[in-house]
Structure formats: structure tokens, C-alpha cells
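I had some time at the screen today and went through this one piece by piece. These are my notes, in the order I looked things up.

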2 protein chains.
Amino acid sequence: MTKNEILDLIEKRDYLQIKQILFNMNSVDIADVFSQLEKADLAVIFRLLQKDKAADVFSYLDHDTQKHLVNLLTDKEISQIINDLFLDDAVDFIEEMPANVVTRVLRNTSEKMRAQINQFLQYDKDSAGSIMTIEFIDLKHDIKVEQAFDVIRKKAFDKETIYTCYVKDDTRKLVGVVTVRELLLASKDALINSIMETNVISARTTDDKEALGQLFTKYGLLALPVVDSENRLVGIVTIDDALTVIEEEATEDIEKMAALTPAEKPYLKTSVFQLALNRVVWMLILMLGAMFTGLIIERFEASISALPILVGFIPMLMDTGGNGGAQSSTLIIRGMAVGEIKPSDAPKIFWKELRVALIIGVILGVFVISRIMIFNNDPSRLVIGDAQNSPFNLALAVALSLMCTIIMAKMLGGFLPIAAKTLKLDPAIMAAPIITTIVDALSLLVYFGFLNLFITGL
Amino acid sequence: MTKNEILDLIEKRDYLQIKQILFNMNSVDIADVFSQLEKADLAVIFRLLQKDKAADVFSYLDHDTQKHLVNLLTDKEISQIINDLFLDDAVDFIEEMPANVVTRVLRNTSEKMRAQINQFLQYDKDSAGSIMTIEFIDLKHDIKVEQAFDVIRKKAFDKETIYTCYVKDDTRKLVGVVTVRELLLASKDALINSIMETNVISARTTDDKEALGQLFTKYGLLALPVVDSENRLVGIVTIDDALTVIEEEATEDIEKMAALTPAEKPYLKTSVFQLALNRVVWMLILMLGAMFTGLIIERFEASISALPILVGFIPMLMDTGGNGGAQSSTLIIRGMAVGEIKPSDAPKIFWKELRVALIIGVILGVFVISRIMIFNNDPSRLVIGDAQNSPFNLALAVALSLMCTIIMAKMLGGFLPIAAKTLKLDPAIMAAPIITTIVDALSLLVYFGFLNLFITGL
């Protein structure tokens, strides 16, 4: 509603009214509206924002809108916004801009911030360093609570979080954390090092950002300090950034598990060409795998010619194997992603999967035998030359193949993600598509094997 | 390491040393150690915890350990723990306990807390009400900043978060929020209603908890107020609970997308029987679907007998269709889960998917034609009775079937999750397994259709 209101007001050029509405709106919602404005209106409306809100709104804009906006603003305006941004937002923005925009932006950035941005750009994009911010409050270990509040009051304005303060010793090493809650509950004269928590959970700049998400979830943190190799505090990661990482990592895993190259942008903002590119490589690889399965079938052409009814069971074997493997690998991949499963759990997993596979195999096997005995019970359709075959033999061959397929699928579904993790590969690629392809081939070999055993004349 | 240390000390019965270690350990880590203790040691070690830490550690224990522990503790000890728990943790614990434990626990709970627990148990388990807590700080709208700090200091000890305070008017309606940061930056004499934010983002008790996660991500909240139908503040959801919900919802979606009934417990804690149960229903349903696909093949038995080489292309068609559909449906399901895609985007999605499918279809089609012309180019293998067939005709039939399959798969992958959402079903069930099953059947119909068109003598 507010969005349409604003669009109406833009039509009427009632800028005073727009300014008033923007004043009361949340920066996130304003950014939403901005992303839907015509390019021509963008700069005009952006200039209606209060100065201290402008950078905040800017940090929430999507990268396309940011790019358009920067091209419309003056050098002085850009300078103001960039210098007002939190460092992590500034770095995030600059990473996504084309070279000419970056040059212009950096030219209009204070020297100090430019140096910091350049330093941050060097952190690996999957590392803790890349998502941390330097706007945190640090306290000396030997001051009093009252002095700490003075420091917080003085610095609060441009810090991302003030609720967890980091305590450093004289050599700038991180020695403790203290929360504003603890400060409020302590006496004014208490020394910081007497009330601080010394058992600090921290990360290294080089740590994988996926692991950070797990720390936030496990310990219920609001912020996590990031230290360098000498335990000196260099930044913090706040929970809002951790939350984004957790969501992005889940999305990335889900995409990889569906044989997609993870996209950089939301679906609706990704071009058709990019979408096709993200899919076609895996499609080709998997198609090659399926062609190999086709070759196995070709090797058994004679059997198929002799008894075409046998082909009718192939989709069931292939699909059931694929689904069974997908179920297992999905549980293992997700379990490892959220930290519930470690590669050292492998023996427990195999033993579990084997028993699960046996239970499911027996249930589905009995079902298949019944089905064949009821609907495919015409022995005249099982004659090969002079050889007679009973429907029960066929049922047995199909059911045993099915059971073996399920066991293989579930064992592979349990094994491959763990093997990938052990080899430092992303377990998420060992998901349904790959496992389906492998199990397809194996199940056909098993199927024709059992047929040769149970069906005479093949 | 600490874990083994403690186990060693238990062996040596050095309880003083254990007490000292526990004193310095994080509650989450203590809970980790506890879950690995022998039942016999559990109560002894638990009693070494400081009183105010006991409830905190208890809230982090897994439900099995909680159950064992409660059975070992005295009524008085239970009473102390439960009354010290935050309400949401108490409710969460009680929901998971067997009836006899619940009776005993409630008997040892203060009357007030028992009433609150009973009220909370009535909220739907997927609603905001079920994950909210009532331990928040509320302020009257007409007090001064200094008085607000007095209130916070007095109440801080047993509130889950103190950093966001909720402002109520005289009729207990929620009228604003104010953060401790704002209070610290304001003058001591300022009135709360002059500095509070009146544009409050809130949820209803009946809102779906999945939607709450999206609010936290979108607005970077630390806590979200929950109001009843008359906008009276009844609770808050804190970010640590929101984080858990976000992870659980992602896990649930991932599991549903792999044809699994979502599990209540982590994989390693789920029994083999339960794991089998969570999988077998979908396996059966999908097997029925695949049997239907088998019936289609049976209908074309004559064609297969005539030219068995045709069967060799079936795995490629089925797998490629399945993978193509999985890619599309995954992107749409995940896009809807994180709020990037709405059902109203359907036309854009179909148009996008159609073009992506065409690009991929052409690339894979050309690949398949080349492959057949190089490796299956022996016309003598394509003779049916008197009818001669060129390898190119076969290649064309296969490639066209493949392209149609990809287009159908991607359109269905785009359509079915949106249809599910529109029908208020969970889109996550319209994922790879179902789409694969449907596309399998369709692709075979298309394949035999094209074969009849391009291959003479069938």
C-alpha cells in the first residue's frame, strides 16, 4: 500500500508528502520501494531521505539499484554515503560493482576507509574475514563499569552492535567479552576484568563462514569476535550477517543437491542465459552417465528381444533406486551441514542405512511380488522358444533386484557424501542426481543378473 | 578435550575439580558433555552446577537426557529448575516428555507458571505463539529514560532479552519499541514516547512461524513482539529461537524435497524403524508411479521387440527429464521459502523456464544427435522386416523427444510448486521425486510418438 502511495505521490510531484512518509518508514521497506522505482525518479527520491538514513537505505538496496543510483549521484553525495556505510556493507557493495563504478566510489572515499576496504577485499569470499565488520566496541580490561558506559555512549552511534563489548589487554589481545546486560547489572565501580566472561568463543579471519553460522546457532550468540593468528581482535560478525550466511548456505546446498551451479542472484533477477548456464553443465555430465546406463541395456538386447515384458520393470527399478539413494544422501548431507553428523560417524551410518534398506526392501519386495502374481500372472507371456517360465520366478527376480537396488542406493547415499567430506569436497554434490545415475547402472546389472538366474531360455 | 578431562575426573571421583571446570564452562558445552555421560553419573554431576546455571544447562540438554535427569532428581530440585527456566524452554521441554514425567513436573511447578505453560501448550505447534517467550521488558510510554534504566536494571536478570524494550499505552496496547542503544544515546530526562520507534514490526500469535524467520532476515531484528488480536503484547520471539526455526524449516524443506517425512530428531538419534517409516510411504507411492510408467513401456512391447536398440535411450530420457525438472522445481521451491518468489510471479517464471528449457534442449539435442551419428550409425541395426531406417531418423526422434522432455520437465518444475502453494499445500513436496515420476511417463509417450513418426516398420 505504502509503495503505491509513494508512486502516486511521485506522479503528483508531492515531494513534501513523500519526505514525510519516508521519514516514518523502515529503511528496509524504503529500499523495497526504491528497487521498484523508475531510474529517472531514483535520485530525486533518494535525496529526500534524511542524511543519516541515506546510507542505511543504500545498504539494503539490491546491487542493480545501487549501481543505477551511484551513476546518478554527485561525487560529494557518493562520498557521504560510502563514508557513512558500515565497512562490511561498503565492501559488499564494492565487490559487486563494475570497475568504473568502483574507481569512482573509491576516489570519493576517505583514505582510511579506502585502506580498510582494500584490506577486506583480500579476504577469501567464503571466509569469516569477508563478512566481519570493524565497527565494534572494545574496552580496556582495567577500567570501571561507569567508564565503560562512557565509552559506549561516545561510540554507540556508529557501531553495528553495542550489546557485546570486547575486552582487550595491553597487547591488544582479546581477553574477554562483557555484555551491556552484565554492565547494567554490575556495580558502577566494578572493574571490567572482574565481571567479564573470559571463556570467549571466537573465530579466525580465515575460518569458513559456514562454520560461523553453526557457532551462532549452537551458542545463541548475538555477535562473534574474529581474531588474527595472534589472537588480536580484528573484527566481529553480527547475527544479522550470520543469519544471511545461514540462509545462503542452505540455499547453496539445496541448489547443489539438485545439480545446479549456485546462482549469485535471486531467481527472478537472474538472466535466462545465466540460468541455462548454471544448469547445462550438470545436465550434460548426468546425461553422459545415463548414456552409459543405456549401454548396459544394449548389452542385454538379446534378452529384451526374447522377452520384452522385462523392460516394463526397468523404470520401477531405476526410480526406486534413485529415490532411495536420494533419501539417504539428503539426510547425511543436511546432517553434516548443520553439524549433527561427522565423518567419524560413518560406521554407525552404514549400519543404520543397511537395516533401514532391509526393512524397506522387504516391504517393497513383497509388494512387487504380489503385484506381479496378480497382474502379470500369465505364463504364456513368459515363454522363450521352448522354455517355460513361471510368473513366480519373474516376481522373484524383480523383487530381489529391487531389494539389492535399495540396499546399494542407501549404502551409496550414506557413503558418498561422507567420502566427499573426507576428501574436502562439498558433500552436497553427492546428492540425488549423481547417486541416481550410479544406482541406475548398478541396478540394471543386478536385474539382468537375477533374470539370467531365474528365467530359463534367456 | 574438556569432555575427556571431565570423564577422567568422574572416574577419579574428583568432584571438586569437576565443579571448578563446570564453573568456567559455557552452558552449551556443559550440555554437550552431559549428553555423553553414563546415566548413573548424570545426577551427581548435575548437582555440582551452580544453582543459577543449572536451569540454563538443563534447557540445552537433548530431550532424552532431560528425561533421564528428571527421573533421577528430587521433587524439590525439579521444582527449582522448572521455575528458573524461561517459559519457552519449559514449554518446549514439557511438550517432549512422556505423560508420567509431565505430571510430576507440573506438580512441582508454581501455580502461576503452570497456568502459563498450559496456555502456551494450546498454541498450534507451527505458530508464532508456540515459540514466543513472555520474559521481555515492557515500559510505560510516559516515563523518562532514567526511570526506564531503573526498570531494566530491576528486571534484567530473568528476561531473555533486554536490548529491545516494548512500550505499552494505558490500555496495554503495543505502541512502540525502544532499544537500549537509543536509551543510552538519549538524555536522561527524555520521555520514552518521544524517542521510541512507533513503526513497530510485529507478529500475531497465530502467524506461521516460518514467516517470522523471514521477518528477522529481512529487517535484521534481534527480537519480534507478538500481539493478540487486539494488538496487546503477549510475548516476544528472540533471534536465537528464530534462528532455530529458520534452520529447522530449511531442513524440513530439504527432507520433503527428497521424499522424506521430516524427522523429529537428528538422524543419529532416530531409530532404524522410525527412519524406515519416514521413507517407506513415499517410496511406495513413487514406486506405484513408476509401475505406471512401466505399463506405458508394456504397451509398446511390439516396437521394442522389433527394434531393441530403442530401449537403450530410455534411461537417458528419463534421467535427463528428472534432472531438468528437479533443477527448476528446486529453484522455485527455495525461492518461495525465502520469500523471493510469489505465486503471482508465475507468468514470469513460465516464460523464463520455457526459454531456459529451449537453450538447454538445443544444446543437449545437438549433443545427442552427434553421439548417435558417431556411435549408433550402423543402418543394419535399424532394419525392421523389410523396412530400412537411417541413423539420422533415429537421432532426430531421440533428440526431439529429449527436447520435449526437457521442456515438459522445466514447465512442470516451475508450475507444480506454485500450484501447490496456491492450493495452500507445501510446495516442497512438488520436488524432484514427484516431478521425475510424472515426467518419466510423459517422456516415454513422447518418445514412442516420435519413433512412430520417424521410424518406418514399427
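Which residue in E3(B) does Cys165(B) stand opposite? I looked, and Cys165(B) faces Val178(B).

Ground rules before I go on. I'm working from a predicted model, where local features need pLDDT of at least 70, side-chain atom pairs count only at pLDDT 80 or more, and totals for chains, interfaces and linings use all residues. Residues are numbered from 1 along each chain as its sequence is written, while chains are lettered from A and ligands numbered from 1 in the order in which they are written.

Strand E2 (residues 164-168) of chain B runs antiparallel to strand E3 (residues 174-179) of chain B, with five bridges. For my own record, strands (E, at least two residues) and helices (H or I, at least four) are DSSP runs numbered from the N terminus, and two strands pair if DSSP finds at least two bridges between them. Five residues sit between the strands of this hairpin, and Arg172(B) has a positive phi near 70°.

**Entry: the three-stranded sheet, chain A**

Next I opened the sheet in chain A. It is open, has three strands in the order E4-E5-E6, and its pairing is mixed. E4 and E6 of chain A are the edges with a single partner strand each, so one side of each has no neighbour in the sheet.

I then read off the pairs. Strand E4 (residues 203-204) of chain A goes parallel with E5(A) over two bridges. Ala203(A) is opposite Val226(A), and Arg204(A) has Val227(A) as its bridge partner. On to the other partner: E5(A) and strand E6 (residues 233-238) of chain A are antiparallel and joined by five bridges. There Val227(A) stands opposite Leu233(A). In the hairpin of E5(A) and E6(A), with five residues between the strands, Asn231(A) takes a positive phi near 65°.

Why is strand E5 (residues 223-227) of chain A largely enclosed by the rest of the structure? Four of its five residues are buried, so that is the reason. My cut-offs: a residue is buried with 20 or more other C-beta atoms within 10 Å of its own, exposed with 12 or fewer, and partly exposed in between, the C-beta atoms being placed from the backbone.

Helix H15 (residues 209-219) of chain A lies across E4, E5 and E6 of chain A at about 135° to E5(A). Helix H16 (residues 239-257) of chain A lies across E5 and E6 of chain A, at about 65° to E6(A). The axes are lines fitted to C-alpha atoms, for helices over the stretch in contact, and the angles run from 0 to 180 degrees between N-to-C directions.

**Entry: Lys209(B)**

Lys209(B) is found in helix H15 of chain B. Buried or exposed? Lys209(B) is buried, with 25 other C-beta atoms within 10 Å. Beyond four places in sequence, Lys209(B) touches Asp126(B), Ser127(B), Ala128(B), Ser130(B), Ile131(B) and Val245(B). A contact here has the two C-beta atoms, placed from the backbone, within 7 Å. Gly129(B) is 80 residues from Lys209(B) in sequence and 8.4 Å away in space, C-alpha to C-alpha.

**Entry: cores**

The largest nonpolar core has 218 residues, and those that touch the most other members are Leu224, Val237 and Ile435, in chain A and chain B. By core I mean a set of buried Ala, Val, Leu, Ile, Met, Phe, Trp, Tyr and Cys residues joined through C-beta atoms within 7 Å. Another core, of 29 residues, lies apart from it, with Ala31(A), Leu49(A), Leu61(A) and Ile81(A) among them. I also checked Val237(B): leaving out neighbours within four places in sequence, its contacts include Ile131(B), Leu212(B) and Ala242(B).

**Entry: domains and the chain contact**

Chain A divides into domain 1 (2-122), domain 2 (138-238) and domain 3 (268-454), with bounds from an automatic or database domain assignment. The centres of domain 1 and domain 3 of chain A, over C-alpha atoms, are 52 Å apart.

How many residues does each chain put into the contact? I get 93 from chain A and 93 from chain B. On the side of chain A, helix H17 (residues 272-299) gives the most, with 16 residues. That side has 57 nonpolar, 19 polar and 17 charged residues. Here Ala, Val, Leu, Ile, Met, Phe, Trp, Tyr, Cys and Pro count as nonpolar, Asp, Glu, Lys and Arg as charged, and the others, Gly among them, as polar.
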